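Hi,

Here is the structure I promised to pass on. Have a look at it first, and then read my notes below.

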Amino acid sequence: TRIVDRCIAEQVDFLLVVGDTFHQNQPTIHTQKFVMSQFERLAQEDIPVILSFGNHDYYTENRYWFEWPENVILFKREEVQTKTIALKNGDTVAISGFSYEHQWVNRSMVPDYPKRSVETTYHIGFYHGDDSENYAPFSVSELPLSYEYWALGHIHKAEVISERPFAVYPGTPQGHTKKENQTKGVALIEITRGGRDIQWLDVATIQWQKQAVSLLEDLSRQALLQALETEILGIETDKHLSVVSIELDVSAENGRELLKEKEEILSYLQEMVYQKSQ
């Protein structure tokens, strides 16, 4: 919802989704309906969606309970195809890409990409993969330089992997686990005949954080609890929901003995955080 909100606010020309919209090949009816209803919001604003399927949600025709909205352009085949769209200002954009039809694609798809279109204003490459053997293995040096932009999918880390060719992994807009605490959001790309620009738009609703706490000297039970409470309640966040992982450095002689009751301590801290959030 937040991605669509930003698309509408920025009045983008189109939304690119390069695979793994769904985290599984068999998304629930509820999830399918939710995603398509959001794309319908973009249809009302005359904003196309160009979407491919990755290794998690590899495409099977009979998986979907609803018709895709008319503004959604799908790559359905495990072969490189090119779709062309017209922008409101009269420019045209060729988008070349493919979808997974199986859980793995064991070869590079880069050789199948066509030369840069001479009939369109811009040409974009869609590619879901990395350098490992099961996920359409490729290296950035293989990507044609003539394309204005390479929109990449599969890797959850957000990164501009090359300036020439201009190739970007936007990563996951919302970290799924505490390991994914370096997300940047979604990539807002502006391409003109004279250059390109990238901005990162934060859309996550949950922030994963780590908090280091050191217990270096002997503490009473009361002092230990107060130290932990001060550290945890002092965490600042700009998110509605933050999930905090506490990393303890315990060198106090009595620290480990006191922390044998860590489950009870954790329960108490959770209650304090809950009260503060009201």
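Helices (H or I, at least four residues) and strands (E, at least two) are DSSP runs, numbered from the N terminus. Keep in mind that this is a predicted model, where local features need pLDDT of at least 70, side-chain atom pairs count only at pLDDT 80 or more, and totals for chains, interfaces and linings use all residues. Residues are numbered from 1 along each chain as its sequence is written, and side-chain values use heavy atoms, with hydrogens and water left out.

Let's start in the loop between β5 and β6, where you will find S117. T120 sits in the loop between β5 (92-97) and β6 (122-128) too. With 18% relative accessibility, S117 counts as buried, and so does T120, at 12%; buried means under 20% relative accessible area, with exposed over 50% and partly exposed in between (1.4 Å probe, protein chains only).

The side chains of S117 and T120 make a polar contact at 3.2 Å. By that I mean a pair of N or O atoms within 3.5 Å; within protein, one must be able to donate a hydrogen and the other to accept it, and residues adjacent in sequence count only if both atoms are side-chain atoms. A polar atom of the S117 side chain also lies 3.1 Å from the backbone nitrogen of E119, while the T120 side chain reaches the backbone oxygen of Y122 at 3.0 Å.

As for contacts (heavy atoms within 4.5 Å), leaving out neighbours up to four places away in sequence, S117 touches A94 and H123. On the same terms, T120 is in contact with T84, T92, V93 and A94.

Now the nonpolar cores, meaning sets of buried Ala, Val, Leu, Ile, Met, Phe, Trp, Tyr and Cys residues joined through side-chain atoms within 4.5 Å. The largest has 23 residues, and F39, L42, V49, L51 and W68 have the most contacts inside it. At least two of its residues come from each of α1 (2-10), β1 (15-18), α2 (29-44), β2 (49-52), β3 (72-74) and β10 (186-192). The biggest share, 4 residues, is from α2. A second, separate core has 16 residues, V80, V105, V110 and Y127 among them.

Which residues does W68 touch, not counting those up to four places away in sequence? They are F22, M36, F39, L51, F53 and L74.
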